[in-house]
Amino acid sequence: MAPRDKPHASGAVKGGDLSQRVGVEQIASRGVDVPALVEKLIDAAGAEFTTYYYYTILRMYLAGNEDYKEICEDARLEDRAHFELITPRIYELGGSIPYDIREFADRAGCPDAYLPGTGDGKRPPSQDGTGPTAAAILEVLLEAERCAIRTWSEVCDLTFGKDPRTYDMAARILNEEVEHEAWFIELLSKERDGIVRPSGHFRRGAPGEAPYSKNAGFYNP
Amino acid sequence: MRTVRAAREEHILEAARRAGLDLPSACEIGWDLACACRVLAGDFDNSDARRYFPEDAEAGFALICTAKPRSDLVIRTHQREAMREHRAALGLPAPRGSWGTRQPRATSG
């Protein structure tokens with residue numbers, strides 16, 4: 001059969017060339033600024049990773065609010081799943097996460113989710129009964145999720161119709177971040193304002209179930 | 001040049017939106033530099049930002065998603081890259097992605 005009958009058998013990347021990736025060249029040819037996308041993915045991965053770290057602390061201070069603690073744990077584990085989902089894609093696109101974790105945290109696309117009452121992490125919380133309230137912690141959790149929604153909405157916009165693999169990943173993460181926001185609105189609204197604003201959801205089947213980002217992970221140990 | 005009226009306790013980005021301006025933004029909590037502007041004249045309060053350094057103020061940069069006017073202001077918008085370069089030159093942290101970038105969606109047909 002003549003080569004012209006198999007138009008995808010060759011292309012801009014020459015056979016045997018390991019210095020380029022067709023998976024990158026194809027999305028670039030469809031209009032994706034791949035280096036710029038990689039930078040955003042690294043920022044976003046940094047935000048998921050730092051959020052996972054800070055949520056580990058936040059959930060410790062929800063003692064006595066066991067339902068909140070469980071839900072915070074779901075969000076924490078799902079944000080870790082997001083980090084696991086993003087990282088392979090960064091490397092597939094030719095990027096790398098920073099070799100220094102301090103650089104990674106500094107460039108995170110969303111703020112550190114500090115425990116309230118610690119002066120942005122500079123001191124332990126008070127132990128005299130005036131420590132962080134559940135409402136203050138829920139506010140931190142809510143704003144962290146809102147930043148994540150803005151982040152992943154932008155990645156969806158940048159990749160829609162041009163980079164289906166990154167779009168699929170971003171959409172899965174966005175699905176879970178939207179659910180997290182709904183949870184924390186529900187909890188904060190009742191805790192702080194005494195107003196019921198239902199999330200429409202019930203608890204996950206298992207902690208950190210991540211129904212979108214772990215349901216068919218393309219690399220998610 | 002556009003003139004926008006903002007209340008004293010209103011974030012400038014919010015006022016700009018109300019006036020119909022479509023300016024870049026992403027995190028909207030004063031972190032990622034997407035909304036960075038250069039203040040050419042006037043005073044502002046950026047204390048609502050989650051990460052904003054005295055050096056940013058000295059260089060005239062504002063994150064308008066969390067900045068409030070304290071006088072009439074003259075502002076140059078779309079200064080994300082300049083503010084990132086400023087932070088990098090001083091060894092101050094900042095995200096590296098071009099957040100707030102909007103690209104046209106692919107069209108079919």
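I'll start with helix H5 of chain A, residues 134–159, which has 26 residues and reaches 38 Å from its first C-alpha to its last, close to the 38 Å expected at 1.5 Å a residue. Bear in mind that this is a predicted model. Just after H5, A:Gly161 takes a positive phi, about 75 degrees.

A:Arg204 lies in the segment after helix H6, residues 164–193. Is A:Arg204 buried or exposed? Its relative accessibility is 9%, and because the cut-off for buried is under 20%, A:Arg204 counts as buried.

What surrounds it? Leaving aside neighbours within four places in sequence, A:Arg204 is in contact with several residues, including A:Asp74, A:Glu176, A:Glu179, A:His180 and A:Trp183. A:Glu78 is also on that list, and its side chain makes a polar contact with the side chain of A:Arg204, at 2.6 Å. A:Glu70 is 134 residues from A:Arg204 along the chain, yet their C-alpha atoms are separated by 9.5 Å.

Now the two chains together. On the chain B side, 22 residues are in contact with 25 residues of chain A. Between them the chains bury about 2,000 Å², with 52% of that on carbon and sulfur atoms.

How many salt bridges are there between chain B and chain A? The count is two. In a salt bridge between the chains, the side chain of B:Arg96 meets that of A:Glu103, at 2.8 Å from N to O. As for the side of chain B that touches chain A, its residues divide into ten nonpolar, six polar and six charged. Polar contacts between the two chains come to eleven residue pairs, both residues at pLDDT 80 or more.

Notes. Residues are numbered from 1 along each chain as its sequence is written. Chains are lettered from A and ligands numbered from 1 in the order in which they are written. This is a predicted model: local features need pLDDT of at least 70, side-chain atom pairs count only at pLDDT 80 or more; totals for chains, interfaces and linings use all residues. Side-chain values use heavy atoms; hydrogens and water are left out. Contact means heavy atoms within 4.5 Å. Buried area is the accessible area (1.4 Å probe) that two parts lose on being put together, summed over both. A salt bridge is a side-chain nitrogen of Lys or Arg within 4 Å of a carboxyl oxygen of Asp or Glu. A polar contact is a pair of N or O atoms within 3.5 Å; within protein, one must be able to donate a hydrogen and the other to accept it, and residues adjacent in sequence count only if both atoms are side-chain atoms. Ala, Val, Leu, Ile, Met, Phe, Trp, Tyr, Cys and Pro count as nonpolar, Asp, Glu, Lys and Arg as charged, and the others, Gly among them, as polar. Helices (H or I, at least four residues) and strands (E, at least two) are DSSP runs, numbered from the N terminus. The expected span of a helix is 1.5 Å times one less than its number of residues. Buried means under 20% relative accessible area, exposed over 50%, partly exposed in between (1.4 Å probe, protein chains only).
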